[in-house]
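Hello,

I am handing a structure over to you. Please open it first, then read the notes below.

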Amino acid sequence: MKTITSRDNPLYKDLKHLAGSSQARRKAGQTLLDGVHLCQSYLQLRGAPLHCIVAEGALANPEVADIVMQCESAHAHATAMPDALYNALSQVEHGVGLMFLIATPVLDAPGVLTASAVLLDNLQDPGNVGSILRSAAAAGITQVYCSSGTAFCWSPKVLRAAMGAHFVVDIHENVDLAELVKACAIPVLATSGYATERLYDVDLARPVAWLLGHEGQGVAHDLLALATHQVVIPHLGQIESLNVAACAAVCFFEQLRQIQSN
């Protein structure tokens, strides 16, 4: 294992740039996974990272030591650094001191949708995007398509909120959702607080594409017009609407309930 002791180290400078800049992550095609859970999930589902970075104080942690050993056994680069240097990289308060540098997947352009999928139109809150990815993965939906205005899925906040869903879901970014919807071979269901068709009255025991929109404005009007169905989740009380991540979870698991009931 190599050791970094200076902020002037070239690798450290690269890591610091990636840690603090979404633009740098997009340009490099790389991102950082922070914490034992994400790193363990990546090892189990995707294999060795490009680089394993560990705080010297974390090496006494058995879970961290085991992950570092697995990385070294797989011939992945591993580097230790003083806790102060590591903490300047990490965006996790009171984190465990373990980080992976990974390449973000490059996927082929989307084709015609035939399996259930999630389409995210201009969702800007990283926590919402991550929660939706997590719910989709839990419901068995493995395809996600994001418009150019949607939060970068490989940002640290989205990664933390998704809790490993990134490694079981195929995520396509900067997608022209209108063209995707036009060519769709399955029903497209757009959620809208102004819709009259209830979610629970739609046949969901089949593949569908879920179209979810911006936290404030919802799905763009041009996309709404292309959807096969516009659906609403009935609710009581004086709250105008559900949070988009909560709405997504209700939709995904109502589909799963119908599929399992057949």
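**Salt bridges**

Asp203 and Arg206 pair through their side chains in a salt bridge, at 3.9 Å from N to O. This comes from a predicted model. Asp203 is partly exposed, with a relative accessible area of 43%. Arg206 is partly exposed too, at 30%. The count of salt bridges comes to four. Side chains of opposite charge can pair when their charged atoms come close.

Another of them joins Arg198 to Asp201, with the closest N and O atoms 3.1 Å apart. Arg198 is partly exposed, at 37% relative accessible area. Asp201 counts as exposed because its relative accessibility is 52%, and the cut-off for exposed is over 50%.

Glu179 and Lys182 also meet in a salt bridge, at 3.5 Å from N to O. Both sit in helix α8, which spans residues 177-182. They are three residues apart there, so about one helical turn separates them. Glu179 is partly exposed, with a relative accessible area of 45%. Lys182 is exposed, at 55%.

**Pro187**

Next, follow the chain to the loop between α8 and β9 (188-191), where Pro187 lies. Is Pro187 buried or exposed? Pro187 counts as buried because its relative accessibility is 14%, and buried means under 20%. Leaving out residues up to four places away in sequence, Pro187 touches Arg206, Pro207, Val208, Ala209, Thr228 and His229. Arg206 is the salt-bridge partner of Asp203. For a sense of distance, take Gly47: Pro187 and Gly47 are 140 residues apart in sequence. In space, their C-alpha atoms are 35 Å apart.

**His51**

His51 belongs to strand β3, residues 51-55. His51 counts as buried, at 12% relative accessibility. Which side chain makes a polar contact with the side chain of His51? That of Thr79 does, at 2.7 Å. Setting aside neighbours within four places in sequence, His51 is in contact with Leu11, His77, Ala78, Thr79, Met99, Phe100 and Leu101.

The largest pocket has a volume of about 630 Å³. It is lined by 24 residues. Closest to its centre are Thr191, Ser192, Gly193, Gly218 and Ser241. Which elements give two or more residues to this lining? They are α9 (221-226), β12 (229-232) and α10 (244-261). By class, the lining of the largest pocket has nine nonpolar, 13 polar and two charged residues.

The second largest pocket holds about 290 Å³ of space. Its lining is made of 17 residues. Pro105, Val106, Leu107, Ile171 and Glu173 lie nearest its centre. Two or more lining residues come from each of α2 (22-28) and β8 (170-172). The lining of the second largest pocket has nine nonpolar, four polar and four charged residues.

**Where to look**

Go from Arg206 to Pro187, which touches it. End at the largest pocket, with Ser192 and Gly193 among the residues closest to its centre.

Best wishes

Terms used. Residues are numbered from 1 along each chain as its sequence is written. This is a predicted model: local features need pLDDT of at least 70, side-chain atom pairs count only at pLDDT 80 or more; totals for chains, interfaces and linings use all residues. Side-chain values use heavy atoms; hydrogens and water are left out. On a 1 Å grid over the protein atoms alone, a cavity is a set of points where a 1.4 Å probe fits but cannot get out, and a pocket is an open set with protein on both sides within 12 Å along at least five of seven lines; lining residues have an atom within 4 Å of a point. Grid points are joined across faces, edges and corners, and a volume is the space filled by probe spheres set on the points. Helices (H or I, at least four residues) and strands (E, at least two) are DSSP runs, numbered from the N terminus. Ala, Val, Leu, Ile, Met, Phe, Trp, Tyr, Cys and Pro count as nonpolar, Asp, Glu, Lys and Arg as charged, and the others, Gly among them, as polar. Buried means under 20% relative accessible area, exposed over 50%, partly exposed in between (1.4 Å probe, protein chains only). A polar contact is a pair of N or O atoms within 3.5 Å; within protein, one must be able to donate a hydrogen and the other to accept it, and residues adjacent in sequence count only if both atoms are side-chain atoms. Contact means heavy atoms within 4.5 Å.
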